Amino acid sequence: EKNKLKKKSLQFGFKKWKSHVTARPWEDRSEIVKELYSDLNVIRGSAGSTVTCGNILYLLLFGWWLSLLYVLVAAVMFVTVVGAPYGRLCWDLAGYFLWPFGKVIQKVEVPKSCRVLGACEASAGESSALLGGPVPRRWRPWCWVDTGHWQRAGAVAWLCLGYPVLALAHGLVCVAAWLLIFLIPVAKLSARTAARILLLPPEQVLVRRLRMTEVPLEGEVILCCYHAVNPYYYKYAVDGINVFAVNLLPLVLVTLVLGYMDSHNRLTSSPIKFTLALLSIMPLSYYIGMAIASISAQSNFAVGAVVNATFGSITELTFYISALIKGSREGNRCYAEIVKSALTGTLVGCVLFVPGLCMVIGGIWHQEQRFNSRSAGVSSALLFLSVGGVFAPTLFSKVYGKLVCGECHNVTQNPLGHYLCHNCHFDLMDNNGTLYYSHVQPLVYTVSLLLPAAYLIGLFFTLKTHSHIYDIHISDCHMPGHHHSAVVHWSRWRALVILLLSTLCMSACADLATEHISPILTNSTISQYFIGVTVLAMVPELPEIVNGIQFALQNNLSLSIEIGNCIAVQVCMLQIPILVLFTIFYPTNFTLVFSDLHVYASMFSVVLMNYIFMDGKCDYFQGTVLVMVYFILLAVYFFAPSPSGC
């Protein structure tokens with residue numbers, strides 16, 4: 001079931017699959033992934049040496065000052081007298097947090113008869129087979145002769161003087177380690193300490209050093225950590241959401257607060273706000289994709305197609321429409337040219353860079369990768385159709401438009417000689433715009449109707465009548481002997497709410513990005529073409545690029561290729577027609593007439609992609625060719641002069 005869901009979600013025109021939309025059965029996961037979700041309370045028989053680079057990094061970043069803080073708090077608690085038991089606990093924990101690896105914290109039940117120090121010492125001196133002898137004196141639980149009033153006074157002193165300081169310190173460690181991702185075990189360690197260990201009675205907390213044995217401990221194990229760093233935590237997910245997307249979510253809040261509360265740039269400058277807004281688009285794009293995939297996985301074909309067609313390109317369209325509105329209000333044609341550059345950059349990047357990068361990375365691990373050449377052929381044919389339709393008005397204007405030049409100089413001083421002209425372009429508004437309004441504009445509207453129609457026909461072809469073409473083997477989901485029904489993390493209503501909220505935040509971030517891009521366009525020495533085809537085009541697609549790389553590493557190159565094709569098809573068959581439709585109701589400077597550079601780059605990219613995909617197999621060399629061609633095109637855009645009107 002899950003295999004079918006993933007296969008359908010990656011057919012052309014459907015928003016790309018997020019790898020954790022459905023919950024994978026626990027027994028089908030690898031031991032590496034299972035370890036990521038452990039509670040740090042499992043004792044291993046053989047954990048190896050604890051002196052590792054990651055553990056030393058913990059000591060340098062957190063261990064030394066946490067231990068020192070525990071020593072200071074222990075001194076304060078000893079001074080209060082009534083808090084002496086907690087002072088002894090802090091002293092023990094100071095040694096633990098200096099180097100917690102290979103040690104265990106457990107909860108023990110103290111007998112009611114243990115009311116005097118001697119009885120406690122007798123019980124603490126009992127041997128333990130796991131620890132290989134009697135418990136050292138420094139790790140004994142603290143027992144004392146007191147009354148209920150004395151215990152309550154000690155607890156009050158602890159909660160007022162000791163616990164808040166340590167809880168704050170562990171909170172800071174938890175946040176810092178979580179943001180560093182690979183140090184998440186340290187975050188779990190600190191969270192468990194602040195939420196449970198520091199709230200237990202001190203006589204119930206026992207800190208011990210483990211030795212090589214297989215005899216189970218007496219008492220509940222609360223903490224047992226061996227390594228501070230785990231490089232596989234990039235796979236960690238919270239309720240199906242990748243940890244990187246979770247950590248980038250606060251960036252969205254910071255961007256919105258700074259953008260709308262600091263409208264006069266007293267705290268930060270416009271370039272910083274533009275950068276933050278652009279980076280905030282990445283997690284929002286991830287959440288929108290997750291919500292779309294979740295709704296599609298729980299819906300029939302019609303609902304899934306409508307949701308994907310409606311919200312599949314919302315990330316890019318929100319930014320493009322905001323830019324066109326701003327350009328129309330300011331009377332600046334540069335914003336329309338930036339939008340065209342971003343559209344072309346997305347098309348070229350997804351045709352060349354995304355599959356090329358996946359081929360290179362996948363080819364490093366697999367000598368030769370094969371993919372579904374027939375499905376790639378269907379997508380390639382659609383790309384030819386869409387690119388031809390999108391650039392048809394441009395080619396029409398080149399044939400019938402009037403060439404107008406800004407400056408011309410006679411280099412031979414002869415009226416019949418050669419002229420050197422600058423700033424030449426094809427004018428479509430000659431004779432009061434007769435050519436444009438009578439010929440070019442109707443052609444644009446015709447193309448804008450035909451492309452979405454071709455999109456719907458393609459959906460029906462790939463999802464209904466010829467779905468067998470897309471029978472792609474999913475190595476990470478197809479497990480012989482396991483037939484589990486797919487359980488989606490998010491319900492329909494939850495996914496819908498997240499989709500609407502993410503879209504709203506996306507609109508706000510896009511508005512901030514277009515509001516603060518003006519200084520970059522006016523003061524930058526880099527061509528506006530280059531800014532459009534790189535930063536504005538590819539940053540929103542970074543989550544999809546990561547997805548493609550993951551599939552390539554799993555030897556599922558068909559899925560990686562479909563990711564790039566899906567984005568390219570939606571650019572031509574959905575995004576551009578929607579922008580044309582928007583200009584009908586809200587007049588802007590956007591016309592479906594592209595520069596020669598955009599036309600040649602797009603057509604050459606599609607032709608090269610079809611040539612590479614003909615035989616249904618590839619290696620890292622072919623991927624390198626695609627990536628190199630993409631960087632050559634970027635160099636062309638970098639050295640190209642800015643478009644007219646900018």
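Begin by selecting Asn 242 and Phe 244, at the start of helix 8, where a side-chain oxygen of Asn 242 lies within 2.9 Å of the backbone nitrogen of Phe 244. The model is a predicted one, in which local features need pLDDT of at least 70 and side-chain atom pairs count only at pLDDT 80 or more, while totals for chains, interfaces and linings use all residues. Residues are numbered from 1 along each chain as its sequence is written, and side-chain values use heavy atoms, with hydrogens and water left out.

Next, select residues 243-261, which form helix 8 (helices are DSSP runs of H or I, at least four residues, numbered from the N terminus). At 1.5 Å a residue its 19 residues should span 27 Å, and the end C-alpha atoms are 28 Å apart, which agrees. Among the buried residues of helix 8 are Val 243, Asn 247, Leu 251 and Thr 255 (buried means under 20% relative accessible area, with a 1.4 Å probe and protein chains only).

Now move to Leu 352 and Leu 536, which touch the most other members of the largest nonpolar core, a set of 114 residues (such a core joins buried Ala, Val, Leu, Ile, Met, Phe, Trp, Tyr and Cys residues through side-chain atoms within 4.5 Å). Helix 12, residues 334-365, gives the most to this core, with 16 residues. A second, separate core of 39 residues includes Phe 62, Leu 69, Ala 187 and Ile 197.

Return to Leu 536 and show its contacts (heavy atoms within 4.5 Å): leaving aside residues up to four places away in sequence, Leu 536 touches Phe 274, Leu 278, Phe 319, Ile 338, Ala 342, Ile 517 and Ile 531.

Methods: Helices (H or I, at least four residues) and strands (E, at least two) are DSSP runs, numbered from the N terminus. The expected span of a helix is 1.5 Å times one less than its number of residues. Buried means under 20% relative accessible area, exposed over 50%, partly exposed in between (1.4 Å probe, protein chains only). A polar contact is a pair of N or O atoms within 3.5 Å; within protein, one must be able to donate a hydrogen and the other to accept it, and residues adjacent in sequence count only if both atoms are side-chain atoms.
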